[in-house]
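Work through the exercises below with the sequence and the model side by side. Try each task before you read its solution.

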Amino acid sequence: EDVDGPARLRELLSRGEPVVAPGVYDALGARLVEEAGFGVVYMTGFGTTASLIGRPDVGLLTMSEMVGNARRIDSAVELPVIADADTGYGNALNVIRTVREYETAGVAGIHIEDQVAPKRCGHMEGKQVVPAETMVDKVRAAVQARRNPDFVLIARTDARAVEGVDAAIERAHRYLDAGADALFVEALQSDEEIERVAAEFAGVPLVFNWAEGGKTPPKDFDRLRQLGFRLILCPISTLLAATRAMREVLARIAADGTPARVVADLPGFGEFTDFIGLPEVNELGKQFGAG
Ligand code: PYR
């Protein structure tokens with residue numbers, strides 16, 4: 001929740017140093033990202049789908065569900081939020097509404113992609129893309145729709161898996177020409193492809209999706225800096241970490257019959273309520289006769 005979010009995000013993306021944006025799927029995760037000292041938080045569609053409905057990222061959530069999550073995440077932190085806006089949820093007219101809804105929700109920027117609807121996670125099989133011209137129209141519509149000129153529009157292409165890397169690069173050029181602020185060439189499959197994209201778009205803010213377990217080979221921070229990537233997403237580290245932690249705790253409770261032993265390994269009740277701002281809320285309650 002930061003009125004200067006778009007301008008701050010733009011400034012961060014213009015620096016030589018890449019910005020790392022861990023993915024979250026809820027407000028609590030966003031607070032943890034802020035506590036850990038990151039400068040930006042990313043709302044993952046993959047994680048939002050997994051968390052809200054316990055299902056895979058195959059286009060099952062509505063725009064309203066995604067925007068609602070983005071609004072809650074943004075309200076919980078001071079950091080600029082970048083949100084996944086999938087395909088824009090329809091055609092260019094839908095994109096206009098989508099951009100305005102995300103902007104009103106307070107996020108600093110979004111990415112929209114050229115998949116057909118329903119989309120699939122960029123690292124799954126079976127993707128399809130719309131014609132490049134259709135996506136160019138969506139990018140143009142998005143640029144015109146934003147009310148704050150600093151609101152960051154990231155154009156993503158999923159064409160690598162469908163049409164190959166040359167076509168993906170060609171599409172990215174067209175989306176840049178249409179007014180995108182940053183480019184996200186999703187699911188590159190080799191070091192050579194990563195280096196080609198980096199060379200092709202030198203000087204343009206480029207997103208590297210450090211998709212945990214996905215199709216893109218891992219790259220370390222220094223190499224990504226040398227290559228000129230400006231935004232590094234690690235979309236599902238927190239989702240996978242939470243899954244493992246919950247699974248382990250649940251197995252122990254199931255074995256023991258109560259949480260008596262696991263509580264010793266968990267954050268204390270007071271520590272947790274402090275973290276989520278109970279002292280501040282109590283203070284406000286006293287001030288306004290609501291405590
Ligand atoms: C996601 O986390 O959903 C992305 O699209 C990267």
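On a 1 Å grid over the protein atoms alone, a cavity is a set of points where a 1.4 Å probe fits but cannot get out; a pocket is an open set with protein on both sides within 12 Å along at least five of seven lines; lining residues have an atom within 4 Å of a point. Grid points are joined across faces, edges and corners, and a volume is the space filled by probe spheres set on the points. The model is predicted: local features need pLDDT of at least 70, side-chain atom pairs count only at pLDDT 80 or more, and totals for chains, interfaces and linings use all residues. Residues are numbered from 1 along each chain as its sequence is written, and side-chain values use heavy atoms, with hydrogens and water left out.

**Exercise 1. Find the cavities and describe the lining of the largest cavity.**

Step 1. Count them. There are three cavities of 30 Å³ or more. The largest cavity holds about 80 Å³ of space.

Step 2. List the lining. It has 14 residues, and Val185, Leu188, Val207, Phe208 and Asn209 lie nearest the centre.

Step 3. Assign elements. Helices (H or I, at least four residues) and strands (E, at least two) are DSSP runs, numbered from the N terminus. β6 (182–185), α9 (191–200) and β7 (207–209) each supply at least two lining residues.

Step 4. Sort by class. Ala, Val, Leu, Ile, Met, Phe, Trp, Tyr, Cys and Pro count as nonpolar; Asp, Glu, Lys and Arg as charged; the others, Gly among them, as polar. The lining of this cavity has 11 nonpolar, two polar and one charged residue.

**Exercise 2. Trace the sheet: in what order do the eight strands lie?**

Step 1. The order is β6-β5-β4-β3-β2-β1-β8-β7, in an open sheet with parallel pairing.

Step 2. Check the edges. β6 and β7 each have a single partner strand, so one side of each lacks a neighbour in the sheet. The twist averages 25 degrees from one strand to the next. Axes are lines fitted to C-alpha atoms, for helices over the stretch in contact, and angles run from 0 to 180 degrees between N-to-C directions.

Step 3. Zoom in on one pair. Parallel strands β3 (residues 81–84) and β4 (residues 109–113) are joined by three bridges. Asp84 has His111 of β4 as its bridge partner.

Step 4. α5 (residues 92–105) touches β2 (41–43), β3, β4 and β5, and its direction makes about 155 degrees with that of β4. Contact means heavy atoms within 4.5 Å.

**Exercise 3. Which domains line the largest pocket?**

Step 1. Draw on both. Each domain gives at least three residues to the lining of the largest pocket. That pocket has a volume of about 710 Å³.

Step 2. Name the main supplier. α11 (237–256) is one of the contributing helices, and α11 gives the most, with eight residues.

Notes:
Two strands pair if DSSP finds at least two bridges between them. Domain bounds come from an automatic or database domain assignment.
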